[in-house]
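The questions below are meant for someone meeting this protein for the first time. Please look over the sequence and the model before reading the answers.

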Amino acid sequence: MSIREIAGIPLPFPGAVVPAGWLKCNGQAFNKTTYPILAELYPSGYLPDLRGEFIRGWDDGRKIDLGRTLISAQGDAMQPITAKWTLDDQTADPGVNYPPAGALYIDRTALVNFDATSTRTNTGARAVFDSSRQTRTANETRPRNIAFNYIVRAA
């Protein structure tokens, strides 16, 4: 394989120090005259910043990820999590007839009053939605992964 064939391809690299002849994909500018092959592939003169990012295959007409262009960034997102719970103020213990499940639960430490038209004199319970009761959670949405440095052949 020639340098022309591999230049510009992000390569997962298991080291922190980039080997000679390679550049980190950290959003850095590069000299388009010194690296004309990279300039053809990255005409902006900047490498993509792949630190902490995942590479996703381009849609190319498949209609899975519409509207994307090559080398475009996409913010994080997750599919919606929904839940239902029927509230019944005609029972002495809210949530007994129609108990919440999944990501919903009754917070019995924070009782609330029923609406103004209720004939009940007791208090109701507050429903709480917590997706961590059903899914693994973190401060970001992400798939399982292993960290590598992405590098490109400088040419």
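Contact here means heavy atoms within 4.5 Å. This is a predicted model, in which local features need pLDDT of at least 70 and side-chain atom pairs count only at pLDDT 80 or more, while totals for chains, interfaces and linings use all residues. Residues are numbered from 1 along each chain as its sequence is written, and side-chain values use heavy atoms, with hydrogens and water left out.

Q: In what order do the elements of the protein chain run from the N terminus on?
A: Helices (H or I, at least four residues) and strands (E, at least two) are DSSP runs, numbered from the N terminus. By that rule the protein chain has two helices and five strands. From the N terminus on, their order is α-β-β-α-β-β-β.

Q: What percentage of the 155 residues in the protein chain is buried?
A: Buried means under 20% relative accessible area, exposed over 50%, and partly exposed in between (1.4 Å probe, protein chains only). Of the 155 residues in the protein chain, the buried ones make up 25%.

Q: In what order do the three strands of the open sheet lie?
A: Two strands pair if DSSP finds at least two bridges between them. Strand β1 (residues 11-13) is joined to β5 by three bridges, and strand β2 (residues 22-24) also pairs with β5 over three bridges. The pairing is antiparallel, and the order in the open sheet is β1-β5-β2.

Q: Which are the edge strands of this sheet?
A: The order of the open sheet is β1-β5-β2. An edge strand here pairs on one side only, and the edge strands are β1 and β2.

Q: How many of the five residues of strand β5 are buried?
A: In a regular strand the side chains alternate between the two faces of the sheet. On one side of β5, N149, I151 and R153 are buried, and on the other Y150 and V152 are buried too. For strand β5 (residues 149-153) the count is therefore five of five, by the under 20% limit.

Q: How far from R153 is the nearest side chain of opposite charge?
A: Lys and Arg count as positive and Asp and Glu as negative; His and the chain ends are not counted. A salt bridge is a side-chain nitrogen of Lys or Arg within 4 Å of a carboxyl oxygen of Asp or Glu. R153 is buried yet has no salt bridge, and the nearest side chain of opposite charge, E5, is away by 11 Å.

Q: Which backbone oxygen does the side chain of R153 reach?
A: R153 lies in strand β5, where W22 stands opposite it. Not counting residues up to four places away in sequence, R153 touches I3, I6, A7, G8, A20, G21, W22 and L38. At 2.5 Å, its side chain reaches the backbone oxygen of G21.

Q: Why does the salt bridge between R4 and E40 tie together separate parts, and how many residues apart in sequence are they?
A: The side chains of R4 and E40 meet in a salt bridge at 3.4 Å, N to O. R4 lies in helix α1 (residues 3-6) and E40 in helix α2 (residues 36-41), so the parts that the pair ties together are apart in sequence by 36 residues.

Q: Is D65, which has a relative accessible area of 10%, buried or exposed?
A: D65 forms a salt bridge with R56, with the closest N and O atoms 3.5 Å apart. R56, D65 and R68 are linked in a network of salt bridges. R56 is partly exposed, with a relative accessible area of 48%. At 10%, D65 is buried.

Q: What separates the C-alpha atoms of P10 and K24?
A: P10 is in the loop between α1 and β1. Leaving aside neighbours within four places in sequence, P10 is in contact with residues including C25, Y150, I151 and V152. P10 and K24 are 14 residues apart along the chain, and their C-alpha atoms are separated by 8.9 Å.

Key:
Polar contact = N/O pair within 3.5 Å; in protein donor to acceptor, adjacent residues only side chain to side chain.
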